[in-house]
Amino acid sequence: RGYQYVGGVVGYASSSTVSNVYNTGSVSGTGNYVGGVVGYAGSYATISNAYNTGLVSGSSDVGGVVGYASSSSATVSNVYNTGTVSGSSYVGGVVGYAYSDATISNAYNTGSVRGSSYVGGVVGGMNAATVRNVYNTGSVSGDSRVGGVVGYVTSTGNNSTITNVYN
């Protein structure tokens, strides 16, 4: 439990690898960047072979596995979430927000995802990022910009790419 940069395993990871880890406990933050495994995955962070089964709650940038996957080649792969994820904005079953050159691949969510805006079964929102080989079977609910796989997609600079996904 904390304010921001809250993770079930790591709060803030940058230029590092977080692999072969899991979380089964509840993770909560009253602010931003809250993740079941990692709160904030910064530049050159690699999150792989990880999962969350616990309840995850926060305000913005809330994800079942990673709250926020930042720029410069942050990678989230071979991960899954089965826990309930809730927040206000940018809420995702796997990643809350994926930004600039972040890649989310080989991931799935089966947990319930709830938020107000920018809510997705796998990714809440993404900007110039890549999402591939992912799926969602959990319920997704919100008021605005809600998607079964991705809630909101935009591109600043590089294009956002979504391939081989289903809900």
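User: What does contact mean for isoleucine 104, and which residues does isoleucine 104 touch?

Analyst: Contact means heavy atoms within 4.5 Å. Leaving aside neighbours within four places in sequence, isoleucine 104 is in contact with Ala69, Val76, Val94, Val95, Ala98, Val123, Thr130, Val131, Arg132 and Val134. This is a predicted model: local features need pLDDT of at least 70, side-chain atom pairs count only at pLDDT 80 or more, and totals for chains, interfaces and linings use all residues. Residues are numbered from 1 along each chain as its sequence is written, and side-chain values use heavy atoms, with hydrogens and water left out.

User: Which residues touch the most other members of the largest nonpolar core?

Analyst: A nonpolar core is a set of buried Ala, Val, Leu, Ile, Met, Phe, Trp, Tyr and Cys residues joined through side-chain atoms within 4.5 Å. Buried means under 20% relative accessible area, exposed over 50%, partly exposed in between (1.4 Å probe, protein chains only). Here the largest core has 29 residues, and Val66, Val95, Ile104 and Val123 touch the most other members. A second, separate core has nine residues, including Val27 and Val56.

User: Is asparagine 81 buried or exposed?

Analyst: Asparagine 81 is buried, because its relative accessibility is 0%. Its side chain joins that of asparagine 109 in a polar contact of 2.8 Å. A polar contact is a pair of N or O atoms within 3.5 Å; within protein, one must be able to donate a hydrogen and the other to accept it, and residues adjacent in sequence count only if both atoms are side-chain atoms.
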